[in-house]
Amino acid sequence: MTTEELIALARRHGSAGACEACAVLACPGWEAFPGSFPESGLRRVGSLRAEGEAAWEEPTLEEYHPEGTGYWSPRAPIAPAFHPYNRCDVWVCAQCGRPFLRYTEYGGYYEERRIREVDAALVTDAKSHG
């Protein structure tokens with residue numbers, strides 16, 4: 001999915017609040033995906049991984065925070081060319097269409113699924129140098 005397509009998807013949903021089905025997921029910054037949330041409540045609609053990227057290629061781990069935000073910040077830019085967005089799939093609520101980004105963080109001794117709602121105003125097409 002291109003940056004433009006992601007922005008259009010978020011704008012289609014607009015500023016409408018989360019519906020009852022996805023309210024628990026409506027978080028402006030990254031959060032752990034709730035284990036009790038039913039997978040059928042979301043529908044995968046695309047990926048932000050670079051098209052044609054080979055399975056063995058690792059996308060950059062560089063993050064994009066030109067205004068001093070951090071990974072967990074609700075105001076952090078959504079930059080598909082940068083980590084963690086370059087590892088995300090795009091999902092929508094099966095009920096209302098609210099868009100979300102999901103990826104799995106792999107740590108030394110853990111694996112955590114994470115989710116963040118898409119705010120069109122935060123999406124940027126900034127390019128990675130790596």
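Author: Let's start with Arg 114: at 7% relative accessibility, this residue counts as buried. Keep in mind that we're looking at a predicted model.

Reader: Okay, and how do I read a salt bridge here? What has to be within 4 Å of what?

Author: You look for a side-chain nitrogen of Lys or Arg within 4 Å of a carboxyl oxygen of Asp or Glu. By that rule, the count here is seven salt bridges.

Reader: Which side chain meets Arg 114 at 2.6 Å?

Author: That's Glu 112, in a salt bridge with 2.6 Å from N to O. Glu 112 is partly exposed, with a relative accessibility of 25%. Arg 114 also has a salt bridge with Glu 105, at 3.7 Å from N to O.

Reader: Are Glu 105 and Arg 114 buried or exposed?

Author: Buried, both of them.

Reader: And which parts of the chain does the pair of Asp 119 and Arg 75 link?

Author: First the contact: their side chains meet in a salt bridge, 3.9 Å from N to O. The pair ties together distant parts of the chain, 44 residues apart. Asp 119 sits in the segment after strand S5 (111–117), while Arg 75 is in the loop between strand S2 (42–47) and strand S3 (89–93).

Reader: Why does Arg 75 count as exposed?

Author: Because its relative accessibility is 52%, and the cut-off for exposed is over 50%. Asp 119, with a relative accessible area of 30%, is partly exposed.

Technical notes. Residues are numbered from 1 along each chain as its sequence is written. This is a predicted model: local features need pLDDT of at least 70, side-chain atom pairs count only at pLDDT 80 or more; totals for chains, interfaces and linings use all residues. Side-chain values use heavy atoms; hydrogens and water are left out. Helices (H or I, at least four residues) and strands (E, at least two) are DSSP runs, numbered from the N terminus. Buried means under 20% relative accessible area, exposed over 50%, partly exposed in between (1.4 Å probe, protein chains only).
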